[in-house]
Amino acid sequence: MKTNVPLHTNISLSSVDLNKLFCPTIIICTVYFTGLHSISHVPCASAAALCIGVGSFSDPNDLPGLAHFLEHMVFMGSEKYPSENGFDAFLKKHGGSDNASTDCERTIFQFDVQRKRFKEALDRWAQFFICPLMIEDAIDREVEAVDSEYQLAKPSDSHRKEMLFGSLAKPNHPMSKFCWGNAQTLKTEPREKNINVYKRLREFWKRYYSAHYMTLAVQSKESLDTLEEWVREIFSQVPNNGKPKPDFSDQLSPFETPAFNKLYRMVPVRKVHALTITWALPPQEKHYRVKPLHYIAWLIGHEGTGSILSMLRRKCWALALFGGNSETGFDQNTTYSIFSISITLTDEGFQNFYEVAHLVFQYLKMLQTLGPQQRIYEEIQKIEANEFHYQEQTDPIEYVEDICENMQLFPKEDFLTGDQLMFEFKPEVISVALKLLTPEKANLLLLSPEHEGQCPLREKWFGTQYSVEDIQQHWRELWAGDFDLNPSLHLPAENKFIATDFTLKTSDCPDTEYPVRIMNNDRGCLWYKKDNKFKIPKAYVRFHLISPVIQKSPKNLVLFDLFVNILVHNLAEPAYEADVAQLEYKLVAGEHGLVIKVKGFNHKLPLLFNLIVDYLADFSAAPDVFSMFAEQLKKTYFNILIKPEKLGKDVRLLILEHSRWSTIQKYQAVLDGLSVDELMEFVSSFKSELYAEGLVQGNFTSTVSLLTFYILEVPVLFRVVELPQKHHLCKVKSLNKGDANSEVTVYYQSGPKNLREHTLMELLVMHMEEPCFDFLRTKETLGYHVYPTCRNTSGVLGFSVTVETQATKFNTELVETKIEEFLVSFGEKMNSLSDEAFKTQVTALVKLKGCEDTHLGEEVDRNWTEVVTQQFVFDRLSREIDALKLMTKAELVNWFMGHRGEGNRKLSVHVRLPEHPAAGEEEEEGSKMSLYGEVSKLTFLPASTLLASVTTITDIQAFTSTLNLYPYHKILK
């Protein structure tokens, strides 16, 4: 059975044979979306992406991470454009961005920029593949960036799982390589072994950055002939060494080893119980037209009646389940394909993890017994085809990234569709994959904080604590035999939410450029805009249900979180069919109210929205479900607080926003204990004092009714404290003992300002981005993430500079002095700013703000921000553009210098591990001190002598209680 899916996307395609000048085929495309009627809609940015068919599998054994390191180094200047940060500076000046990533067998580079600068940007970018400088002096500095990236990844449980899993592969298989690279593998050890890293980088580039391994996709509004001419002209000098492409397809079955098919216990960084069941299958990429793993994953991950997760939820054993293959290089390459099922367990589920695994194996046995089902395959196929047919345009930079990678994987006719569509039902292909998913071929990985102290083994690179054991004999024998099926498990029924009506509605009111208020009464208001621009049969519905009871206490905030979590749980099964039919819904516990977001094909969207409203109106919480989520909320708050960047934000806003409750206070409230009765009392109060604000946009008429609730007018802002006119520092101890990552944020408060000044702040930060990166990361190598930010804190403006670094390399006071050095140098740069440079940056920001939305969701997001903040300035962008056109260089320079003068309002927030443990702390519980620290209170640290003149904050409440409060403020004009 085959389907011919009509393309909703009109894509002009050209395939050019440039023989030895470049890769065999180049795709050059201009993209525009036609909708159901003829319309030309083109994004204002142009973009390009290049994929090289080589990755970390090709790392030499004595230099782990070399492919990743080269991805960094290749962008540090070229012979034609030698400036080390020149390309980034060029892009920032012209509203562009760039990125790169290294996978197992592919490396991808991509950028976007204003269209009129595209050819020049393309030439600058191409030089990295023609004649990169890769100067020797930059090596040590850029190794630090790679090392910081590795350090930031270390606290990630998903990365830790990958590294542990990779270590189970056969010796000398590329899966067992350390793909990240760090200072140890790229600097320390090479020096000890007299390895010349610079020379090896050059050799690696010469061997693998060859034209015939490369695929290129470009997207712009120019004609195909013009784009082809540019590509021939610019890329013809990319070297082609003619050598065979690296091929690992002979190294199959990397996990057919004694280390596989075991039970691994792992201590996670976060507080979470999770079971991951994994199979290593033969490579499945060749079956992309059938997509057998997608079919199986769709059934495994189903959440409706008769599914695995439905059964586990009824037992209160699991919160979530994800199954399948992510199609990253780690999950799918030329040596194997992974199929994994990851289940987030409750405390009770953890105690019964073997029973959880048994339920999974029973479901798989049912699928094997019944065989592939054509009805289900066609249903999935129909859903995917509908989504592809009416897909909204993605950002050009994302689109070209996908296409250039697809060109490495699929034949030319499937470049655009190969990764998205299911083309043909072949039951024999699906059956082969299904039959491999048996208990005796599975590997079990169990994560839990309960494993602490019981895991003597350490993974080499991330230091993950783990243990390994045989599957319990009882279960091994049961699964080896012909075990019974579970009668409660069954295939999903036919999906009633799949849309069949794709007609565009006729407007029942005059067309408008911005949303109009079609209902406004004592219960709330509704904003509406009919889409006549993108012309797709989709719509967005959003409501903000605001209540004053939420912010009354930390306890109420916890009860609100519990309410939303349980409401989502109650909806999961009845709403899942809508979810898989591409009708998306999201319930968010906002700071001042419940946000309901629904989007998708408008035909069946009201069904979903009414379902959510019904469950909201008839909310109930079973005692076992309440207990399950109360326990889970403790873990959720803990997992937030152990991240330095989250703790830093929590501390900064606790200081700035009056009457804000911190996550630490919420964590303490949930530890103190809550009851079902308290929750139901809170929900009753919440529903009795509601104000609803809604936005409906897309393929709907204006005859939409509003939720009917009683209301009370509620502000959706905090009042903000006025910082004193001196420098204050709040330095707190990181709440994750095993994480060396620190964060430093230096914030300057401007005060309640208007729209013009907000735009001025955006312009300032845009000027600051590239020099900030160049000074603090490229030259000072302080960390991987360094960035300035325009801050709008409940209507009060400011800007900040943030550096994420490691306590093992720099103390936070030193980092702050370097930030100050940067701001001094930036001030000098601003004072000597040329008129031309000022105008160029203004033009770039004007063009960014003037860009047409690439899809309906982008327009909805912008309008929704106005509704949810109760500002309703729907033409904000055009007002900001008008303000920009009138700005002067002197105004910008004075604005920055005004923040740097004597009377500046400056707040620094540092999060780091203490240099030395407090007396006796290291002896806590002998030598078995827990990895999981105390997170129910803040520990304030003293500043070092480097910042001796700064006033430190050691009691936030005492500090803020003496400060003036700004009035409620919105940026309206």
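The model is predicted, so local features need pLDDT of at least 70 and side-chain atom pairs count only at pLDDT 80 or more, while totals for chains, interfaces and linings use all residues. Residues are numbered from 1 along each chain as its sequence is written, and side-chain values use heavy atoms, with hydrogens and water left out.

**Second largest pocket**
- The second largest pocket has a volume of about 550 Å³; a pocket is an open set of points on a 1 Å grid over the protein atoms alone where a 1.4 Å probe fits, with protein on both sides within 12 Å along at least five of seven lines, and a volume is the space filled by probe spheres set on the points.
- Its lining (residues with an atom within 4 Å of a point) numbers 23 residues, with Leu654, Arg660, Gln665, Ile956 and Gln957 nearest the centre.
- Helix α20 gives the largest share of this lining, four residues.
- At least two lining residues come from each of α20 (644-656), α21 (663-672) and α29 (956-960); helices are DSSP runs (H or I, at least four residues).

**Nonpolar cores**
- The largest nonpolar core has 94 residues; such a core is a set of buried (under 20% relative accessible area, 1.4 Å probe, protein chains only) Ala, Val, Leu, Ile, Met, Phe, Trp, Tyr and Cys residues joined through side-chain atoms within 4.5 Å.
- Helix α17 (residues 554-580) supplies the largest share of this core, 12 residues.
- A second, separate core of 57 residues includes Met311, Ala357, Phe425 and Ala442.

**Annotated domain**
- An unreviewed UniProt entry places "domain: Peptidase M16 C-terminal" at residues 198-382; such annotations may be inferred rather than shown by experiment.

Key:
Buried means under 20% relative accessible area, exposed over 50%, partly exposed in between (1.4 Å probe, protein chains only).
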